[in-house]
Amino acid sequence: YSSDPPSTLDVFIFDAIYLSYFQSKGFLEPLKDKEIENLNDILDYAVKGSKINGILYGIPQLGCTNFLFYWQKDKELKKANTLNELKQVIGECKYSSLIPPKGIGLMVDISGGTTAACLYLDALEDIYGKYTNNPPLPPDESKISSWSIQNLGQVLRMASTKNAQYYCEKSPYQRAKWFCEGFGRAVVGFPEYMSVMEKTCIDKIDFKILPLSNRSNISLFYMDIIGINSLVSKKGKRKLAVELANLMASEEVMFKIINNDNSPQYLMPVRKSIFNKLKNKFPVYEKMYKLVISTSPKVFRIGVNSRQWLKLMKRKIREEIFELSCDHK
């Protein structure tokens, strides 16, 4: 995720935000649709998002997006479908501590620079109501969209600076634990946040995609892609590499990875067959699948300059978001 694939690595998993960059640098071996086992089982958005000019440059493995988790009994939050509506329900600056009071406020993780920069671009696409796999990247701080920053500032002001900045490597989903203990009114997080929630909690919560504007939401989904190094042909390993990539993305392997009896990971698959298998054991997967189908997802991609731009701009974007916090001085 943070470095380019070394020449010694034949098959690797990478974040789709770097797809255009990896392909432009010649890191990825192009694939034919017929080389992908059971391609029709993979959701359309994931297949389309793995292509450049109609050519596949990897096999989709997992999807993910920012959920807003809330209690099923919270009818007001259920009806809040825009950023303004969400802010009106939760309110601004109701707490300043790391952990919110019970039933009050939002919890959200903006601790990382890459997270902040991706939220910035996500909000920008929401604001303009138009999806692109090559979003406009401000070349310097003078070109940063104040509109997008203001929207993310509204999200931050529903939480607290301490909560939004908090990160613990040993417990990256700590906010989900606090939420299930009754703290806060809602929490923003990926589907795998549910992996630290008790079943009794999961049975009582609901979720939807976090709105970042007051327009119709552009449903950007992060995606993990299995890529094959373009050097495999020279090594005489292409056939083996394609076989391995297919195995890693297969229904059998991915189902075993996600389906853990004792502690399910609640990762979001991209294969329809896995959703169908999981929903029988974990009903929340049926809800997750319906959300995916109903929101017309688009794979989050940043363009050929993604790596360089993130290194250059992520810290500044994060700083500008936190300048809008309640306790900024």
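Mentor: Helix H12 and helix H13 cross in the right-handed sense. A crossing is right-handed if the near helix is turned clockwise from the far one by less than a right angle, and left-handed if anticlockwise. The model is predicted: local features need pLDDT of at least 70, side-chain atom pairs count only at pLDDT 80 or more, and totals for chains, interfaces and linings use all residues. Residues are numbered from 1 along each chain as its sequence is written, and side-chain values use heavy atoms, with hydrogens and water left out. Helices (H or I, at least four residues) and strands (E, at least two) are DSSP runs, numbered from the N terminus.

H12 spans residues 251–258 and H13 spans residues 272–281. Their axes come within 10 Å and cross at roughly 40°. That makes H12 oblique to H13. Axes here are lines fitted to C-alpha atoms, for helices over the stretch in contact, and angles run from 0 to 180 degrees between N-to-C directions. Angles under 35 degrees count as roughly parallel, over 145 as roughly antiparallel, 65 to 115 as roughly perpendicular, and the rest as oblique.

Now the residues. H12 brings Glu251, Met254, Phe255 and Ile258. H13 answers with Ser273, Ile274, Lys277 and Leu278. By class, this contact has 5 nonpolar, 1 polar and 2 charged residues. Contact means heavy atoms within 4.5 Å. Ala, Val, Leu, Ile, Met, Phe, Trp, Tyr, Cys and Pro count as nonpolar, Asp, Glu, Lys and Arg as charged, and the others, Gly among them, as polar.

H12 has another partner, helix H11 (residues 238–249). Here the axes are 5 Å apart and the angle is about 45°. H11 and H12 are therefore oblique to each other. Leu247, Met248 and Ala249 in H11 meet Glu251, Val253 and Met254 in H12. That contact divides into 5 nonpolar, no polar and 1 charged residues.

Look at Met254. It lies in H12. It meets H13, and it also meets H11. Met254 is buried, with a relative accessible area of 2%. Buried means under 20% relative accessible area, exposed over 50%, and partly exposed in between (1.4 Å probe, protein chains only). Leaving out residues up to four places away in sequence, Met254 touches Gln61, Leu62, Met248, Ala249 and Ile274. Tyr45 sits 209 residues from Met254 in sequence and 18 Å from it in space, C-alpha to C-alpha.

Next, a sheet. Four strands form an open sheet, written in order as S6-S7-S5-S8, with mixed pairing. Two strands pair if DSSP finds at least two bridges between them. The edges are strand S6 (102–107) and strand S8 (205–209), each pairing on one side only. Neighbouring strands are turned by 25° against each other on average, direction ignored. Strand S5 (residues 67–71) runs antiparallel to strand S7 (residues 184–189), with 4 bridges between them. Leu68 stands opposite Val188 in S7. Helix H14 (residues 284–294) packs on this sheet and touches S5 and S8, and its direction makes about 20° with that of S8. Tyr70 faces Ala186 in S7. On S6, the pairing with S7 is parallel, over 3 bridges. Lys102 stands opposite Gly184 in S7. S7 is mostly covered, with 6 of its 6 residues buried.

Another strand pair is antiparallel: S1 (residues 11–15) joins S9 (residues 220–228) over 5 bridges. Asp15 has Asp224 in S9 as its bridge partner. S1 is mostly covered, with 4 of its 5 residues buried.

One last residue. Ser306 lies in helix H15 (residues 306–322). Ser306 is buried, with a relative accessible area of 0%. Beyond its neighbours within four places in sequence, Ser306 is in contact with Ile17, Tyr18 and Tyr21.
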